[in-house]
Amino acid sequence: MNSQDHEHQRIEALGAARLLDAETERAFDRLTELAAQALDAPVSLISLVSDDRQFFLSQCGLSGDAVRTRGSPLSHSFCKHVVWNCTPLVIADARANPLLADNPAVKELPVIAYAGVPIVDGNGYCLGSLCVVDRRPRRWQPEQINLLRSLARQAMTEIELRNRHRRLSEELDAARRVEADRHAMNRLTIHDLRTPLGALMLTLEMIGNFGPLTAEQRELLDLSVKSSKTLEALVNDLLDYEAVGVAGVDGLNRQTCDPYALANLAIEQVSPLAWDKRIQIEREFEPDVPFFSGDARKLSRLLVNLLANAVKFTASDGHVTVRISHSQAPAGVCFEVVDTGVGFDMKHAEDLFQEGFRLDKSRSTHESTGFGLAFCKRIAEAHGGRIAALSEKGKGSSFRVTLPVA
């Protein structure tokens, strides 16, 4: 690679670092302050050299226009020689040095003694120099140059950390945009399902009005109606899940919630399922549990999901218990749904709340979206609460939701 190509790539590396005209940062200022103090120099700089100027990423001891502009043209730069040669430049008296004697900075600032070391990135490109300046002649000691080298390496470490943080932030922003697009597409697709589903449900309702049906026809119609209602519930679950995923806490329609009313409403909605299996839903409500702020509709869906799961996995003639209690530290309302069902191995206690996870892989995917418990977790966490599961295989399960009381 010739020198022109190398300089072009060096300038590209400097641009990619996004340091030119960057705001001052304390981490870099500490390095220039340390360099000035350790070497007893009136001025210290971290200077980045572009193709037409030098920019002071940090400075200690400058005054006048150099502080305001945070840089100078290359005509005034000593650091350009450090950068172009990628080697230290140590000058005892610039007035006697053929390379620098005619530099305008010698008379204007004045820069008499100079010691600068290169700041080199991981690809070997010299981005700038860390230097100290004195306004009188002086000889720099080897240990002082070694200290500058150490500070220059630290400056490069700080630069790389910021570059890594910036890249990660950009990748995160891109991932969030992709996720937002995915949520939008999912919601659009799910919304599109509602139109044909509504037409199907209306058609099924009208079929019964066309005349007497045979027992077999009535059975098939009832099955179709039941399946369409199940599908409607799944579509609503998916819509709510996507909505909470996008909006989070901002998607909550908060109001004052009565914990007893929420639990009773959920029990009322699930009772027909329980009656079909001769499952008794019992209440164990502590007195004087406080009202709290929350989205009543979404919290009701949360409790319905937990109760419906409890009924689904509990054998006929079993029991499901709904408990309400008040925790003191921190203050919160606790809802607990306990069943005498099949239970599960506690090694799956966290997996249950992941999207699409099913304990029983043999069950039809038409019976569930696999998002019910994931939805419950999102709702609880959007309220600043938490959800947890306890179980012993073959002996039932307990799902506990704790919500804060503001």
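Two residues are said to be in contact when they have heavy atoms within 4.5 Å of each other. By that rule T321 touches E282, E284, E336, V337 and V338, where residues up to four places away in sequence are not counted. The structure is a predicted model, in which local features need pLDDT of at least 70 and side-chain atom pairs count only at pLDDT 80 or more, while totals for chains, interfaces and linings use all residues. Residues are numbered from 1 along each chain as its sequence is written, and side-chain values use heavy atoms, with hydrogens and water left out.

**The chain as a whole**

- The chain has ten helices and 13 strands, where helices (H or I, at least four residues) and strands (E, at least two) are DSSP runs numbered from the N terminus.
- Of the 406 residues of the chain, 43% count as buried; buried means under 20% relative accessible area, exposed means over 50%, and partly exposed lies in between (1.4 Å probe, protein chains only).
- Among contacts with a separation of 6 or more, 68% are made by residues 24 or more positions apart.

**Helix α8**

- Helix α8, residues 259-276, has 18 residues and reaches 27 Å from its first C-alpha to its last, which is close to the 26 Å expected at 1.5 Å a residue; the expected span is 1.5 Å times one less than the number of residues.
- A kink of about 45° lies at V270, shortly before the proline P272, the bend at a residue being the angle between axes fitted to the seven residues ending there and the seven starting there.
- The buried residues of α8 are P259, L262, A263, A266, I267, V270, S271 and A274, and they pack against β7 (255-257), β8 (280-285), β9 (292-294), α9 (296-312), β10 and β11.
- An α-helix has 3.6 residues a turn, so residues three or four places apart point the same way.
- D258 caps the N-terminal end of α8, with a side-chain oxygen 3.0 Å from the backbone nitrogen of Y260; a polar contact is a pair of N or O atoms within 3.5 Å, where within protein one must be able to donate a hydrogen and the other to accept it, and residues adjacent in sequence count only if both atoms are side-chain atoms.

**Helix α9**

- The 17 residues of α9 should span 24 Å at 1.5 Å a residue, and the end C-alpha atoms are 24 Å apart, which agrees.
- Helix α9 is mostly covered, since 13 of its 17 residues are buried.
- At the start of α9, a side-chain oxygen of D295 reaches to within 3.2 Å of the backbone nitrogen of R297.

- T321 lies in strand β10 and counts as buried because its relative accessibility is 9%.
- Q328 lies in the loop between β10 (319-327) and β11 (332-339), and counts as exposed because its relative accessibility is 62%.
- The C-alpha atoms of Q328 and V405 are separated by 9.8 Å, although these residues are 77 residues apart along the chain.
- S397 is in strand β13, residues 397-404, and counts as buried because its relative accessibility is 7%.
- A polar contact of 3.1 Å joins the side chains of S397 and S391, and the residues in contact with S397, leaving aside its neighbours within four places in sequence, are V337, V338, D339, G343, F344, L390 and S391.

**Backbone angles**

- Most residues other than glycine have a negative phi, and most peptide bonds are trans.
- R70, in the loop between α3 and β3, has a positive phi near 55° and counts as buried because its relative accessibility is 17%.
- C86, in the loop between α4 (79-85) and β4 (89-91), also has a positive phi near 55° and is partly exposed because its relative accessible area is 33%.
- Just after α8, R278 takes a positive phi of about 55°.
- The peptide bond from L109 to P110 is cis, with omega near -15°, and P110 lies in the loop between α5 and β5 (113-120).
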